[in-house]
Amino acid sequence: MPPKAGERAAALARRPEPPIVVVQSNPVELAVSIFAEQLGPRRVLGAGAWGTALAINAAQRQPVLLWARDAAQVGLVQAQHENQRYLPGVSLPPGLAFSAAPLREFRALTAVADLVVVATPMAVLRQILTLLASCPAPVAWVCKGFEAPVAGDIGLLAHEVQAQVAPGLKAGV
């Protein structure tokens, strides 16, 4: 009979060489959590449920600016101190600031960031990465799925879109 998970973990912990850490979590959440603890100012682009949740996590340790395309939504979130549209009942930490700056101002918005997290729908990733092409900070995206096919072509994954529009960007999933 194979050993139980707890027994395997205990056996690994007793090994004399450096420990092996197995993380059963979403790797993107783990990466954002690590970056939140290690880096200075960061920007999260996309104030939906996913972007807001990541921003809340990071803002518990470091200042975070959460960007939304909808200025009215930003006004409501700031007034209510929660994102009732996407995360009702979840209070926002004091280290979380908001912006609805126009897309043309992305360069200034991201200039002082140590990390930019793009949490937008895949349908706008190409536009966002094009605007971030000269961003000096690392860019991580958490978009799901494929880009819609264009002119009979197959839909592209996020890293393929990035390779086309911002090949020099320090970026990844």
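Let's start with Val116: leaving out residues up to four places away in sequence, Val116 touches Arg43, Leu45, Thr110, Leu132, Cys135, Ala137, Pro138, Val139 and Ala140, where a contact means heavy atoms within 4.5 Å. Keep in mind that this is a predicted model, with local features needing pLDDT of at least 70, side-chain atom pairs counting only at pLDDT 80 or more, and totals for chains, interfaces and linings using all residues. Residues are numbered from 1 along each chain as its sequence is written, and side-chain values use heavy atoms, without hydrogens and water.

Val116 is also among the residues with the most contacts inside the largest nonpolar core, which has 23 residues. A nonpolar core here is a set of buried Ala, Val, Leu, Ile, Met, Phe, Trp, Tyr and Cys residues joined through side-chain atoms within 4.5 Å. Buried means under 20% relative accessible area, exposed over 50%, and partly exposed in between, with a 1.4 Å probe and protein chains only. The largest share of this core, three residues, comes from H6. A second, separate core of 21 residues includes Val44, Ala58, Leu96 and Ala119.

Now, how many salt bridges does the whole structure hold? A search finds one, counting a side-chain nitrogen of Lys or Arg within 4 Å of a carboxyl oxygen of Asp or Glu. Its partners are Glu147 and Arg126, at 2.7 Å from N to O. Glu147 sits in the loop between S5 and H7 and Arg126 in helix H6, so the pair ties together parts 21 residues apart in sequence. Helices (H or I, at least four residues) and strands (E, at least two) are DSSP runs, numbered from the N terminus. Glu147 is buried at 11% relative accessibility, while Arg126 is partly exposed at 26%.
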